[in-house]
Amino acid sequence: MADTIHTKVLVLGGGPGGYVAAIRLGQLGLDTVLVEADKLGGTCLIRGCIPSKAIIHRAGQFEAMVHAASKSVPGISLSAAPTLDMAELVTWKDGVVKRLNTGVAALLKRAKVRVVEGWGTFSDAKTCTVETKDGPVTIEAGHVILAAGSKPVELPFLSFGGKVISSTEALDLAELPKKLVVVGAGYIGLELGIAFRKLGAHVTIVEALDRILPLYDAELTAPVAKWLKKNGVTVHLGAKAKGQEKGALVVETADGKPLNLPADNILVTVGRRPATEGWGLENMAVDMTGRFVKVDDQCRTSMKNVWAVGDLTGEPMLEHKAATQGEMVAEIIAGHNRRFDPASIPAVCFTEPEIVSAGLLPSDPAAQGDNIVTAMFPFLANGRALSMDAGEGFVRVIARKDDHRVLGIQAVGAHVSELSNEFSHALEMGAVLEDIAGTIHVHPTLGEAFHEAALRALGHAIHI
Ligand SMILES: Cc1cc2nc3c(=O)[nH]c(=O)nc-3n(C[C@H](O)[C@H](O)[C@H](O)COP(=O)(O)OP(=O)(O)OC[C@H]3O[C@@H](n4cnc5c(N)ncnc54)[C@H](O)[C@@H]3O)c2cc1C
């Protein structure tokens with residue numbers, strides 16, 4: 001007979017949606033059990049955000065040393081080119097991941113959350129049986145928070161295995177592939193493709209649409225396209241991956257011609273899908289919206305006291321959305337009055353250079369018409385950017401003409417990810433252009449470009 005645990009709240013999944021919910025529930029004094037089959041931290045900590053940024057960081061350092069060794073860094077030269085030990089790099093990355101994973105376990109313990117390790121399967125909406133290493137444990141809960149996350153999309157003609165890898169395997173390669181072909185030019189494929197190029201791989205990108213990072217406009221992505229070209233990354237746009245033949249990826253190019261791209265690894269990054277299978281979701285009688293679990297603006301599913309957060313519930317599939325929803329649901333269960341209604345869910349591509357987008361893009365229907373003013377300020381006119389050899393890119397502001405309300409802010413350039421929170425904060429506070437213009441921005445910083453973009457929208461930029 002399986003052991004049975006009775007709890008107020010059961011959280012399925014220890015990624016950012018689930019573990020943040022569980023910590024907050026614990027803080028609020030609610031009896032909470034968290035079920036996780038793999039490692040605490042989920043996709044983000046273990047095989048997503050954190051390991052990818054660790055590898056991107058080291059790749060940037062390696063590239064800088066390669067440049068110094070080839071005498072292209074004024075004032076610095078290295079007598080020998082750096083050498084790469086990919087296995088050691090991955091071990092270091094694992095250390096970063098382990099530290100955060102241990103930190104999450106400690107936070108859950110401090111919040112008095114009981115973690116049950118193993119795969120959970122629901123037999124009904126409030127009953128879940130977990131296959132632990134000591135046998136099955138059944139959990140019966142008053143509330144259930146579903147936070148099972150997402151998985152990489154697999155192409156039927158390019159199944160994962162062997163040289164065909166997803167982002168998960170790409171972050172664990174013990175050897176640098178000499179030739180890497182990336183299928184899909186979304187943010188994950190580009191972030192990893194660029195990092196591997198910096199580490200010395202020969203990288204080719206295949207994208208079915210006619211542009212890279214298709215969620216963003218061409219002006220915003222142009223600096224990334226320029227970097228790819230300058231650094232010898234071939235990008236085949238409008239090209240369809242068809243399968244493998246003798247170690248090469250078979251592609252149909254935009255003009256319908258067959259092309260074989262030899263590859264040591266084929267990295268498939270064509271999107272992610274919600275992890276809805278294998279854990280009894282079908283026994284819970286919750287409504288779906290397409291492939292995702294349907295939730296309202298409080299993350300309630302159609303089943304009473306069953307909640308869902310994070311990647312399972314739809315786009316954008318981002319850590320900060322999952323964590324915000326998790327925290328909110330915990331507070332709602334504890335009786336607080338909360339709603340998920342952010343002014344923006346900012347998104348960052350950690351490409352070269354980086355891209356940030358918060359709020360409306362120029363293509364958004366609400367950003368059309370005569371009542372819109374758009375202004376950009378280039379990093380070429382920003383002292384901090386020039387002092388970092390980073391004059392490529394800009395900050396762009398979209399606002400209403402009549403009341404100057406800021407509707408959207410984008411940036412492309414080195415380190416602009418660090419501006420994302422100022423952008424998001426401005427939108428959340430309902431800033432008008434005068435609020436940005438009237439805020440003293442520290443000199444010399446990249447953020448001054450945001451200040452100047454707002455001034456420019458008001459018609460009186462100083463430095464351009
Ligand atoms: C390469 C890569 C880079 C990324 N970079 C970024 C970034 O820079 N910024 C950003 O915001 N987002 C990034 N993301 C996306 C981010 O990782 C996800 O949006 C986030 O992890 C979603 O959190 P979640 O809690 O919804 O699900 P997940 O993090 O996927 O967690 C779900 C957890 O549930 C567990 N689970 C599922 N089913 C069961 C079951 N039946 N029993 C027990 N346990 C179960 C899984 O093991 C997993 O640990 C990246 C993703 C990838 C793949």
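Okay, let's start at a glycine: just after helix α12, G459 takes a positive phi of about 90°. Helices here are DSSP runs of H or I with at least four residues, strands are E runs of at least two, and both are numbered from the N terminus.

A word on the model before we go on. It's a predicted one, where local features need pLDDT of at least 70 and side-chain atom pairs count only at pLDDT 80 or more, while totals for chains, interfaces and linings use all residues. Residues are numbered from 1 along each chain as its sequence is written, and side-chain values use heavy atoms, with hydrogens and water left out.

So, back to α12. How many of its residues are buried? Nine of the 10, so this helix is mostly covered. By buried I mean under 20% relative accessible area; exposed is over 50%, and partly exposed is in between, with a 1.4 Å probe and protein chains only. The buried ones include F450, H451 and L455. They pack against β22 (372–378), β23, β24, α10 and α11.

Let's zoom in on A453, which lies in α12. A453 counts as buried because its relative accessibility is 0%. And what does A453 touch, not counting residues up to four places away in sequence? A375, M376, F377, V395 and V397, where contact means heavy atoms within 4.5 Å. Take A375: A453 and A375 are 78 residues apart along the chain, yet their C-alpha atoms are separated by 5.7 Å.

Now walk back to α10, residues 420–428. Here S420, F423, S424, A426 and L427 are buried. Why do they count as being on the same side of α10? Because they cover an arc of only 160° around the axis; that arc is taken from the directions from the helix axis to the C-beta atoms. On the other side of α10, N421 and H425 are exposed. What covers the buried residues includes β20, β21 (354–359), β23 (394–400), β24 (406–413), α11 (433–437) and α12 (448–457). And α10 is followed by another glycine with positive phi, G430, near 70°.

Between α11 and α12 there's a loop, and P444 sits in it. H443 and P444 are joined by a cis peptide bond, with omega about -10°. There's a cis bond between E315 and P316 too, again with omega about -10°. P316 lies in the loop between β19 (306–308) and α8 (319–333).

Next up, the nonpolar core. That's a set of buried Ala, Val, Leu, Ile, Met, Phe, Trp, Tyr and Cys residues joined through side-chain atoms within 4.5 Å. In soluble globular proteins, nonpolar side chains tend to be buried together. The largest core here has 39 residues, and L190, F196, L199, V203, I205 and L228 touch the most other members. Several elements give two or more residues to this core, among them α3 (49–69), α4 (86–110), α6 (187–198) and α7 (218–230). Which one gives the largest share? That's α6, with five residues. As for L199, leaving aside its neighbours within four places in sequence, L199 is in contact with I55, A59, F62, L84, M86, L89 and L176. There's also a second, separate core of 31 residues, which includes V113, M328, V329 and A330.

L213 has a phi of about 40° and lies in the loop between β10 and α7. A285 has a phi of about 55° and lies in the loop between β16 (272–274) and β17 (288–289). Buried or exposed? L213 is buried, with a relative accessible area of 2%, whereas A285 is exposed, with 52%.

α3, α6 and α7 each supply at least two.
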